[in-house]
Amino acid sequence: MPCCTGLASTHAERFYSAQHAIPENFILMPLSNLLHILALIASVSGLTLHESRAVAPAGFVRRGAAPESEQLTLRLALTAKNITGLEETMRSISTPGTAVFRQWLSTEEIKSFVEPSSETLAAFNRFATANALNATSISPHNDWVSLTLPVSQANKLFGTRYEKYSHRALAHPITRTLSISLPPELVGHVEVIYPSTNFFASADSPLSAVHPAGLQQRWTPAQPAASCNTSDPNGAITPSCLQELYGIPKTPTRFRTKNNRLLVTGFQGTSLRQNPFRYLSPFTLPSCTELVFAQDFLEKFRPDMPRDTGVDLIRLGDGSFGTNSTNSSAFDVFLLEADLDIQYSVGLATGIPVDFLALGGGELQTQFMDMISFLEGLDDPPSVISTSFAFNEIEVGDALAKKLCNGFMSLGARGISVIFAAGDGGVRGNHDNSTQCDLTTFIPVFPSSCPWVTAVGGTQGFSPEIAVNLTSGGFSNIFPRPWYQDSAVESFLSTIPQDFPGTFNRTGRGYPDVAVQGNNFAFISQKLNSKIGGTSLSAPTFASIIALVNDRLISAGKERLGFLNPWLYKNQVSFTDITAGRNPGFLCPASSVAFEAVKGWDALTGIGTPVFNKLVHDAFDACDY
């Protein structure tokens with residue numbers, strides 16, 4: 001009998017289709033001159049300008065009008081029935097001391113806030129019928145619809161001019177516009193039209209896996225470390241280092257349950273290149289050699305864990321990799337990200353069931369939409385989600401960023417802790433590059449800038465532990481500062497000199513919220529011991545800690561933590577304050593303009609690094625308010 005078949009039969013892959021049945025009542029030139037003309041057209045025709053940008057983000061080049069016959073698939077977000085009501089409810093159930101603290105909502109309760117009203121459905125129905133459009137609902141709450149139409153019709157209906165744009169990181173031009181409007185019948189009923197003014201180059205989105213030159217500089221063979229001190233170039237972080245630094249328990253979970261699962265997300269069709277633990281079906285198990293090799297990480301760094309420790313693989317979408325990249329190694333970059341996240345999730349969250357959600361098909365931003373829709377439709381969702389992918393805010397656009405952020409809010413209201421890596425470009429966005437080092441206008445990162453997620457920054461070393469230079473942090477240009485961090489952020493702003501040369505939005509949501517180690521993580525890939533840095537390792541580390549705190553709560557009959565931030569900011573005593581370090585970025589020199597870590601919250605390490613036992617104590621203490 002083949003030596004691998006026994007392990008492969010113990011789990012089954014799960015598949016999910018993003019399409020759902022539609023409810024019965026739901027039918028389906030020069031730039032300045034161009035913008036002026038579009039505005040004039042919108043005014044004359046009765047259209048209302050929905051979203052616009054002056055220019056495409058840096059690196060994108062206009063290549064002329066999109067062919068009128070090109071078939072364009074649009075996703076439209078229909079206006080939620082009562083998003084303000086959900087915000088108010090979320091504030092109450094996530095704030096310690098309220099009568100409804102941690103009384104998380106059901107799927108149906110979320111739907112009552114998020115689904116479109118009958119008026120919105122009727123308005124869209126009339127619009128679709130009048131224009132012979134076949135629309136399909138693609139979300140469980142029916143707030144996202146998809147339709148395909150010729151570019152010529154899209155231009156006419158939405159008062160726009162779709163064009164082709166190229167980018168050095170993209171193998172093929174993408175279809176986008178700088179301005180888009182709504183016809184009168186859709187005003188107030190549509191929140192997002194995608195794609196429209198959203199731009200991104202997908203190869204730059206994984207956080208620890210930067211563009212090839214940066215990856216080569218970070219990913220170096222690891223030597224046996226004398227200690228865990230990553231301020232020393234020879235130092236390396238391992239699971240045991242993190243357990244010692246933050247008091248993370250090594251003993252197995254007390255209460256293994258489907259209500260406390262840790263979900264790690266992967267995008268662009270990436271699965272686990274060689275699953276770091278074991279494959280879950282014969283379709284992904286190529287050989288016994290791969291299986292033995294895949295266990296090297298646990299055998300080296302967690303020999304106390306069972307050899308058959310595995311993850312549950314969930315595929316969403318068609319499983320294809322987004323091939324629109326000029327980087328031939330881009331797929332390996334995404335695969336590496338998956339391996340890193342899983343190695344440290346399973347290696348730290350001892351005994352906690354771990355899922356890996358592999359999203360594929362379409363563009364990266366549509367995969368974020370699909371991720372939210374998938375999770376919103378689960379009756380028993382995971383308790384914690386860790387994601388190490390991000391965009392610069394300017395690439396996403398206001399409308400889409402707000403819609404996705406509201407999706408993260410709905411997940412938090414279900415009792416899910418939504419955790420994102422802060423980014424690896426310091427004050428210069430998701431990733432910095434050498435052309436940005438003299439820039440003084442800071443670049444915020446999304447989803448870290450969303451107030452309904454927990455953003456994790458990075459540190460290095462110990463005694464003292466300091467902010468690592470690459471840790472992204474700053475202030476949103478889209479989202480205002482939320483209530484739970486108001487005093488903490490004001491205190492930080494008071495430390496910034498009057499003549500500080502950096503430009504940022506002082507009233508925006510500040511991030512990150514917390515931090516853990518983010519430099520020189522030891523890992524194993526293709527039988528090589530290596531090291532890598534980035535907040536993409538910080539996110540699964542913190543997510544594992546939260547999953548273990550949930551384990552203690554659930555075993556005592558308490559509710560899981562859910563949306564974390566109001567509780568975290570109220571319990572800063574559970575964190576070690578990080579007061580040294582700067583964040584100019586990974587590639588930019590230390591002399592570049594950046595924020596500095598200070599006492600209290602700062603835009604590098606948030607409120608600091610966690611102390612596990614204190615977190616557990618405060619988690620239980622909050623239940624007794």
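A disulfide is taken here as a pair of cysteine sulfur atoms within 2.5 Å, and by that criterion the structure, which is a predicted model, holds three disulfides. The tour visits each of them in turn and then moves to a sheet.

**First stop: Cys228 and Cys241**

Select Cys228 and Cys241 and display their side chains, where a disulfide joins the two residues with an S to S distance of 1.9 Å. The torsion about this S-S bond is about -75°, so the disulfide is left-handed. If you now colour by secondary structure, you will find Cys228 in the loop between β11 (220-221) and α8 (239-246), while Cys241 sits in helix α8 itself, so that the pair, 13 residues apart, links distant parts of the chain.

**Second stop: Cys405 and Cys450**

Select next Cys405 and Cys450, which form a disulfide with their sulfur atoms 2.0 Å apart. The angle about the S-S bond is 80° in this case, and the link of Cys405 and Cys450 is right-handed. Because Cys405 lies in helix α14 (residues 398-413) and Cys450 in the loop between β18 (445-446) and β19 (454-460), the pair ties together parts that are 45 residues apart in sequence. Cys405 counts as buried at 2% relative accessibility, and Cys450 is likewise buried, with a relative accessible area of 0%.

Move on to Cys437 and Cys588, joined by a disulfide whose S to S distance is 2.2 Å. This link is left-handed, with -90° about the S-S bond. Cys437 has 11% relative accessibility and counts as buried, as does Cys588 at 4%.

**Last stop: the sheet β3-β7-β8**

Finally, switch to a cartoon view and select strands β3, β7 and β8, which make up an open sheet of three strands in the order β3-β7-β8, with antiparallel pairing. At its edges are β3 (61-65) and β8 (174-176), each of which pairs on one side only, and the twist from one strand to the next averages 40°. Zoom in on β7 (residues 163-166), which pairs with β8 in the antiparallel sense over three bridges. To locate one bridge by residue, select Tyr165 together with Ile174, its bridge partner in β8.

Definitions and conventions. Residues are numbered from 1 along each chain as its sequence is written. This is a predicted model: local features need pLDDT of at least 70, side-chain atom pairs count only at pLDDT 80 or more; totals for chains, interfaces and linings use all residues. Side-chain values use heavy atoms; hydrogens and water are left out. Helices (H or I, at least four residues) and strands (E, at least two) are DSSP runs, numbered from the N terminus. Buried means under 20% relative accessible area, exposed over 50%, partly exposed in between (1.4 Å probe, protein chains only). Two strands pair if DSSP finds at least two bridges between them. Axes are lines fitted to C-alpha atoms, for helices over the stretch in contact, and angles run from 0 to 180 degrees between N-to-C directions.
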